[in-house]
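Student: I am new to this structure and would like a close look at a single part. Could you walk me through the place where the chains meet, and the charged pairs that go with it?

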There are 2 protein chains.
Amino acid sequence: MAKEGADMTEETQFMIDTNPGKEPEIVESSCEAKEMRAVVLAGFGGLNKLRVTKKAMPEPQEGEVKIRVKACGLNFLDLMVRQGSIDNPPKPPVVPGFECSGIVESVGENTAGFEIGDRVMAFVNYNAWAEVVCTPADFVYKMPEEMSFAEAAAFSLNFVAAYMMLFEVANLREGMSVLVHSAGGGVGQAVAQLCSTVPNVTVFGIASCSKHAAIRDSVTHIFDRNVDYMQEVKKISPEGVDIVLDCLCGENTGKGLTLLRPLGTYILYGASNMVTGETKSFFSFAKSWWQVEKVNPIKLYEENKVIAGFSLLNLLFKHGKCSLVKSVMDKLLCLFEQKKIKPVVDSLWALEEVKEAMQRIHDRGNVGKLILDVEKSPTPLMASDSTETSEAGEEEEEPEGDNDSKERMPFIH
Amino acid sequence: MAKEGADMTEETQFMIDTNPGKEPEIVESSCEAKEMRAVVLAGFGGLNKLRVTKKAMPEPQEGEVKIRVKACGLNFLDLMVRQGSIDNPPKPPVVPGFECSGIVESVGENTAGFEIGDRVMAFVNYNAWAEVVCTPADFVYKMPEEMSFAEAAAFSLNFVAAYMMLFEVANLREGMSVLVHSAGGGVGQAVAQLCSTVPNVTVFGIASCSKHAAIRDSVTHIFDRNVDYMQEVKKISPEGVDIVLDCLCGENTGKGLTLLRPLGTYILYGASNMVTGETKSFFSFAKSWWQVEKVNPIKLYEENKVIAGFSLLNLLFKHGKCSLVKSVMDKLLCLFEQKKIKPVVDSLWALEEVKEAMQRIHDRGNVGKLILDVEKSPTPLMASDSTETSEAGEEEEEPEGDNDSKERMPFIH
């Protein structure tokens, strides 16, 4: 990752200013020269921990590409990062965000294949929600001409995850059936589209009732997330389903395993059930952990079933599988160019609107992907705005949940 | 399954003879007309529970094929059946055996594709170890001309299981690595051969030292089953392996999962560790059950791993996947005809030698498959023979383990 001028956020600069032993001159001069806007998570907690602030601009190290960011993807995982509800969370302050699209501004050594001006999309191990990002060239992919920046930021994580789960972990083939939770979300919509590239695949989608009208055409059957979906699926397919894709965890793990047909595969790729409120709830966390069925392999043997876990970010940033991901991306870009798949963008938000965007994901209001559009100006608020920016002050302990009554309307589709 | 004339084994006939209410005349007349030799398991327990006896010959029902059996496969699972160490064991007396080869002797209605005289191999839900077997046509496959009956009986279960685990459950591809326990056994040798059909696959085989010379050429690396194989594998491949095939269970499950690379698949396909002596040991059973790691799906998520169970017999006889198995068999027969795979026969045994054959599997003495050759005469014993046949008496409570000093030599390779 790019070294960011000794973490020169305004916060750290302030600390340095009050600490004469730390040579503030150097910091000040480099900050003057190269600054950028970024969303910073000051600490784990509620929406009030997020603010837009100025940070020192990163420069690319060897093997890295520097990208002038146009759009960033917002994922449910970003909420869990904000709450600190993930394994090994980074030490705040941190710039969240794992994916972006933009234009190559400069390149480090050994980044063959990339040139200044290239339109690219990229995975980033944090730091995506900023005007400029540096990330290893292994995580950068050239965008097709027909793809917009918003589409590109909605493409990488969702489609790569959906593709790898369906075709690498499971083995989706003609005539199979797939059950997908959060069918209206970014991954859910990618799963539905990819399933339609294989003949005669039945997709059981589970989503909030409010999304049914919007996504009904993308799936074969749709169920309300509040009904007993096991009964509904069994009415239609008494034998169960071939693939279950679960981003909820908790009690859905046991249900998913039960619904599998012989040789079927259950894949856990998220744990959004662990998020019940604005801040981390140890009760929800413990409940999800407790409810998730520990699986006895001997039972899998008797039932001929497969259970898998899939985390694309771990695969990329911990497990070093970037060349495999690259090959998957190549296949996906072919499908895009053949117009067989197309990312669904729910809405575009300015960096300053990140709190409202997060609240929308939390409330399961989105159909498709939420995008942070770096060049977008905030839509005027309906009520008085207390959104924190670096200019607006440095209060860390703002009471949580005070944004409930404020809403930016309308968001842009 | 074929109805076998009201279970007219000699045992039941004896019972009937002493029970005048059960119309013995009918039984006697049909026994006179059509009898066959079969291995019968009188009850769960040691080797003394097995005997060769006369049974009424089955006749094919609708959809069934009647096969004059030439050779039967003997699997580790048959030991577990004998001990009663399986889930839902059948009620004895029962004729063991799940696979055979032979010649079609007659066919029931709706068995299109099969004619009298066809050379076939077949799966049977018990009852294979007999001179005649009836089984649904869905489980019967025509043999290639170049395949011997012994090879056919060594082919079906081992190669179908190995193929489905490598290519249906896991997704074996060029450059991957596979760890297989019991590499010298029937499935182990099938796995090794199938891996050699994919470029650049590394096979780590684990086997008893005594088999190393015989199987060294079939695998890339070979380890003694008594050494710390995790250390040895990690020395060669610090990242671990892509596929682990485990028929042992117990502590090997946890080790196998630990050895997996990201996106790797652990497959449990047997639990031979539950067998430690001649009869079922509740201690071994409980120990294996206890040692086998219950898997938390959240851990699989963090580690990008897959865990699966595979039971071909359940797939066929409980889960109704015979058309999928048929398509796999077609692919395997192509590979056989291209001389890319060839079943390894360890030794041939007469039906009357089933105890010695079972002891050989129990002692892990075999390289490849043990075959019961229905037309073979027993090899004279080295010591006095107390092998039970129906002629030799009806003692049920013969002390166990009394066959240790007796050995038929040599068995035929």
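Tutor: Happy to. Let us begin with a term: a salt bridge is a side-chain nitrogen of Lys or Arg within 4 Å of a carboxyl oxygen of Asp or Glu. One network of such salt bridges links Lys34(A), Glu59(A), Lys66(A), Arg68(A) and Glu105(A).

A word on the background. This is a predicted model, where local features need pLDDT of at least 70 and side-chain atom pairs count only at pLDDT 80 or more, while totals for chains, interfaces and linings use all residues. Residues are numbered from 1 along each chain as its sequence is written, chains are lettered from A and ligands numbered from 1 in the order in which they are written, and side-chain values use heavy atoms, with hydrogens and water left out.

Now to the interface. Chain B brings 42 residues to the contact and chain A brings 42 residues, where contact means heavy atoms within 4.5 Å. Together the two chains bury about 3600 Å², 61% of it on carbon and sulfur atoms; buried area is the accessible area (1.4 Å probe) that two parts lose on being put together, summed over both.

Two salt bridges cross the interface of chain B and chain A. In a salt bridge between Arg173(B) and Glu168(A), N and O are 3.1 Å apart. On the side of chain B that touches chain A, the elements giving two or more residues include α4 (149–169) and β12 (260–268) of chain B; helices (H or I, at least four residues) and strands (E, at least two) are DSSP runs, numbered from the N terminus. The most comes from α10(B), with six residues.

Strands meet here too: β13 (residues 306–309) of chain A and β13(B) run antiparallel, joined by three bridges, and two strands pair if DSSP finds at least two bridges between them. Within this pairing, Val306(A) stands opposite Ala308(B).

Lys34(A) and Glu59(A) form a salt bridge, with their closest N and O atoms 3.1 Å apart. This pair links distant parts of the chain, 25 residues apart. Lys34(A) is partly exposed, with a relative accessible area of 41%, and Glu59(A) is also partly exposed, at 27%. Here buried means under 20% relative accessible area, exposed over 50%, and partly exposed in between (1.4 Å probe, protein chains only).
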